[in-house]
Amino acid sequence: VEKSWLGQAPSSESLRPLPAITPQRIRAVHYDAHESDEVEIYTSLPPTISLRDEYLMSIVCDLLASGPFALLYQRLRTELGAVYNIRVSLTSPPEPIIICYANTQRGNMQLVEDEYRLAVGKIVAGEYSDELFDSVINQYRKQLIREKEHASLHGCLSNLEDIWLSGDTETINPFQIINEANRDSLAQVTTQYLLDK
């Protein structure tokens, strides 16, 4: 059920949701009072970025905003309550772009930009908790293990490993990248692709 009224607060009598005859699991009520701003910060990466650096940059994106303990989420959502949601993602080649998206309260756009720059600086300086680093790395490791299990169940594990170990331009093994990832390597790629961009 969706009702949209310009300039009326959700507590307004006219915005009460109408009953809907739908299964409970897909029922939703959406209020659009036009009281929030959307912020998107784009950083283009070179098309020639190596697969290793691209993989490391996806880890950096998760350090920034993958969950409650991520740098931007913790600062902007938990501490300041300035955003409704925030995410940082890396698009696929041929034009890889890092996009920081936030839905924020009216007037907080500059705050999001400033905190984004500060969080990038923290990754370069290694000023984030071991718990955050370990949780992000472990999520990647679990995802790779799930992919191997799924491929093994379908009898195509060798095909998956061939895909992992071959690329158009270089050999890449995601497990090796994850195992070798550390604060220094993440700081290096962050400095190269995000700092002062």
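**Ground rules**

I number residues from 1 along each chain as its sequence is written, and I use heavy atoms for side-chain values, with hydrogens and water left out. Since the model is predicted, local features need pLDDT of at least 70 and side-chain atom pairs count only at pLDDT 80 or more, while totals for chains, interfaces and linings use all residues.

**Entry 1: overall make-up**

I looked up the secondary structure and found 7 helices and 5 strands. Helices (H or I, at least four residues) and strands (E, at least two) are DSSP runs, numbered from the N terminus. Read from the N terminus on, the order of elements is β-β-β-α-α-β-β-α-α-α-α-α.

I then looked up burial: 35% of the 197 residues in the protein are buried. Buried means under 20% relative accessible area, exposed over 50%, and partly exposed in between (1.4 Å probe, protein chains only). For contacts (heavy atoms within 4.5 Å), I took those between residues at least 6 apart in sequence; 67% of these join residues at least 24 apart.

**Entry 2: the sheet**

I found an open sheet of 3 strands in the order E3-E5-E4, with antiparallel pairing. Strand E3 (36-44) and strand E4 (83-90) each have a single partner strand, so one side of each is left without a neighbour in the sheet. From one strand to the next the twist averages 10°. Two strands pair if DSSP finds at least two bridges between them; E3 and strand E5 (residues 97-105) are joined by 9 bridges and run antiparallel. Strands of a sheet pair through backbone hydrogen bonds, either parallel or antiparallel.

I checked two positions across from E5: Glu40 is opposite Tyr101, and Ile41 is opposite Cys100. In a regular strand the side chains alternate between the two faces of the sheet. For E3, I list Asp37, Val39, Ile41 and Thr43 on the covered face, and Ser36, Glu38, Glu40, Tyr42 and Ser44 on the uncovered one.

**Entry 3: helices on the sheet**

I next looked up what packs on these strands. H3 lies across E3, E4 and E5 and runs at about 35° to E3. H2 also packs on the sheet, where it touches E4 and E5, and its direction makes about 165° with that of E4. Axes are lines fitted to C-alpha atoms, for helices over the stretch in contact, and angles run from 0 to 180 degrees between N-to-C directions.

**Entry 4: H2 against H3**

The axes of helix H2 (residues 71-79) and helix H3 (residues 109-125) come within 9 Å and cross at roughly 145°. From H2, the contact uses Leu71, Leu72, Arg75 and Leu76; from H3, it uses Leu111, Val112, Glu115, Tyr116, Ala119, Lys122 and Ile123. By class I get 8 nonpolar, no polar and 3 charged residues. Here Ala, Val, Leu, Ile, Met, Phe, Trp, Tyr, Cys and Pro count as nonpolar, Asp, Glu, Lys and Arg as charged, and the others, Gly among them, as polar.

I looked at two residues of H3 separately. Glu115 is buried, with a relative accessible area of 10%. Leaving aside neighbours within four places in sequence, Glu115 is in contact with Leu72, Arg75 and Leu76. Val112 is also in H3 and counts as buried at 1% relative accessibility.

**Entry 5: cysteines**

I searched the whole structure for disulfides (a pair of cysteine sulfur atoms within 2.5 Å) and found 0. The closest cysteine sulfur to that of Cys61 is in Cys100, at 9.2 Å, which is too far for a bond. Cys61 is buried at 3% relative accessibility, and Cys100 is buried at 0%.

**Entry 6: Ser185**

Last, I looked up Ser185, which is in helix H7 (residues 183-193). Ser185 counts as buried, at 8% relative accessibility. Leaving aside neighbours within four places in sequence, Ser185 is in contact with Arg52, Leu56 and Glu180.
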